[in-house]
Amino acid sequence: MTSLRHKLHWEYLLNNRGNVLFTLAYLTIIFCFGLYRFIIYLEANIFLAVARARGQMINVSTACSMIFVCRNLITSLRRLGLAGYLPLDHYIYFHKLTGWMIAIFSIFHTLGHVGNMFLVSEATTIP
């Protein structure tokens, strides 16, 4: 098993450019979806915006998690000759990455809802 410290070394990054670029593209897409949702709900309050943004990021990550282990899709992409451009042989790594992202986003999603409920309970008579 490769440690995170080893993966951040220059030699690993240069030898695995496809994995690194795909990971960065995946994270960029997810954070763009979250940022868009955050901006939309920022008018209500910060906690609601955080909860909605992380919820959107959970939705996108869950969809990606299923795609990364779909063997028929991976085989079809390999037949089309995309194995040189996409890291198709590292699908378990990306499935684990999306699992960790879902877990982290779930924590912040829950905290956003707790903070929102705190603000709503102060503004209303709900204890």
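## Helical architecture of a predicted chain

The chain holds six helices and zero strands, where helices (H or I, at least four residues) and strands (E, at least two) are DSSP runs numbered from the N terminus, and along the sequence the pattern reads α-α-α-α-α-α. The radius of gyration, taken over C-alpha atoms, is 19 Å, well over the 14 Å that the globule rule (2.2 Å times the number of residues to the power 0.38) gives for 127 residues, so the chain is more spread out than a compact globule. Along the principal axes, the C-alpha atoms fill a box of roughly 60 × 30 × 25 Å.

This is a predicted model, in which local features need pLDDT of at least 70 and side-chain atom pairs count only at pLDDT 80 or more, while totals for chains, interfaces and linings use all residues. Residues are numbered from 1 along each chain as its sequence is written, and side-chain values use heavy atoms, with hydrogens and water left out.

Helix α4 covers residues 46–68, and its 23 residues should span 33 Å at 1.5 Å a residue, which agrees with the 33 Å between its end C-alpha atoms; the expected span is 1.5 Å times one less than the number of residues.

Helix α4 packs against helix α6 (residues 91–123), with angles running from 0 to 180 degrees between N-to-C directions and axes fitted to C-alpha atoms over the stretch in contact.

| Feature of the α4 and α6 pair | Value |
|---|---|
| Packing angle | about 160° |
| Distance between axes | 8 Å |

The two helices α4 and α6 are therefore roughly antiparallel, a term for angles over 145 degrees.

How values were computed:
Parallel < 35°, antiparallel > 145°, perpendicular 65-115°, else oblique.
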